[in-house]
Amino acid sequence: MTQLQPVQVYFDDLDAMGMLHNSRYALLVERAVSAFWTDLGWRFDPAQSAFKDVFLAVREFKIVYNAPVLGAGEVLVEFWLERMGRTSGVYGFRVLSADGSVVHAEGHRVNVNLDPATFRPAPFSDEIRAAAAVLLREPAAL
């Protein structure tokens with residue numbers, strides 16, 4: 001299932017032409033995904049987090065830019081999990097206009113769960129898998 005999260009574009013996110021700077025699209029996706037997990041009790045501090053899995057690293061980030069975001073204001077970030085493997089998950093995402101009619105950018109982001117002692121890939125916990133289940137996109141029908 002996909003999630004839609006409103007995210008604010010600020011004046012300092014814009015380039016000299018008044019368009020959202022290309023590097024800020026990743027930040028918008030990060031803000032949206034972080035808001036989802038924060039609402040479920042995930043925290044950066046392991047002592048305060050509802051989940052054991054708090055050391056996650058982005059391994060890959062791909063963005064295709066379709067139409068510029070012009071000016072400051074609200075946009076929507078739609079995101080979902082394409083798949084969740086043993087130690088990594090692949091988020092799909094789209095950055096949309098506030099009314100959802102324009103796809104400004106789309107892509108995917110791969111996160112890897114890390115063991116906090118070794119910083120090597122570690123299996124996801126059952127708790128995070130259960131919480132992430134609502135984000136898993138159903139496979140397309142053949």
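## Notebook: rings, strands and charges

I started at arginine 137, which counts as partly exposed at 36% relative accessibility. This is a predicted model, and I read every entry below with that in mind.

**Entry 1. Around arginine 137.** I looked up its charged partner. The side chain of arginine 137 meets that of glutamate 82 in a salt bridge, at 3.8 Å from N to O. The two lie in distant parts of the chain: arginine 137 is in the segment after α2, glutamate 82 is in strand β3, and 55 residues separate them. Glutamate 82 is also partly exposed, at 38% relative accessibility. I then checked for rings. The charged end of arginine 137 sits over the ring of tryptophan 80, 3.9 Å from its centre.

**Entry 2. The sheet.** I traced the strands next. In what order do the 5 strands of the open sheet lie? I read β1-β3-β4-β5-β2, with antiparallel pairing. The edge strands are β1 (3-9) and β2, each pairing on one side only. From one strand to the next, the twist averages 25 degrees. I followed β1 to its neighbour: 7 bridges join β1 to strand β3 (residues 73-84), and the two run antiparallel.

Entry 3. I turned to α1. It lies across β1, β2, β3, β4 (88-97) and β5, and it runs at about 125 degrees to β1.

**Entry 4. Aromatic pairs.** I counted 8 aromatic pairs. In one of them, the ring centres of tyrosine 25 and tyrosine 65 are 5.1 Å apart; their planes stand at 70 degrees, so I logged the pair as edge-to-face. Tyrosine 25 belongs to helix α1 (residues 24-39) and tyrosine 65 to strand β2 (residues 56-65), so this pair links parts of the chain 40 residues apart. Are these two tyrosines buried or exposed? Tyrosine 25 is buried, with a relative accessible area of 3%. Tyrosine 65 is partly exposed, at 43%.

I took tryptophan 42 and phenylalanine 44 next. Their ring centres are 4.8 Å apart and their planes at 75 degrees, so this pair is edge-to-face. Tryptophan 42 is buried, at 11% relative accessible area. Phenylalanine 44 counts as exposed, at 66%.

I also found a cluster: ring pairs link Phe36, Trp37, Phe51, Phe79 and Tyr91.

**Entry 5. Arginine 109.** The charged end of arginine 109 sits over the ring of tyrosine 91, 5.3 Å from its centre. The side chain of arginine 109 also meets glutamate 30 in a salt bridge, 2.5 Å from N to O. That pair links glutamate 30 in helix α1 with arginine 109 in strand β5, 79 residues apart. Arginine 109 is buried, with a relative accessible area of 4%. Glutamate 30 is partly exposed, at 31%.

Entry 6. Glutamate 127 is partly exposed, at 40%, while lysine 52 is exposed, at 64%.

Entry 7. Phenylalanine 119 is in the loop between β5 (103-113) and α2 (126-132). It is partly exposed, with a relative accessible area of 49%.

Terms used. Residues numbered from 1 in each chain as written. Predicted model: local features only at pLDDT ≥ 70, side-chain atom pairs only at ≥ 80, totals over all residues. Heavy atoms only, no water. Phe/Tyr/Trp six-rings, centres within 6.5 Å; stacked < 30°, edge-to-face > 60°. Helix = DSSP H or I, 4+ residues; strand = E, 2+ residues; numbered from the N terminus. Buried < 20%, exposed > 50% of the residue type's maximum accessible area, 1.4 Å probe, protein only. Lys NZ or Arg CZ within 6 Å of the ring centre and 35° of its normal. Pairing = 2+ DSSP bridges. Axes fitted to C-alpha atoms, helices over the stretch in contact; angles between N-to-C directions. Contact = heavy atoms within 4.5 Å. Salt bridge = Lys/Arg side-chain N within 4 Å of Asp/Glu carboxyl O.
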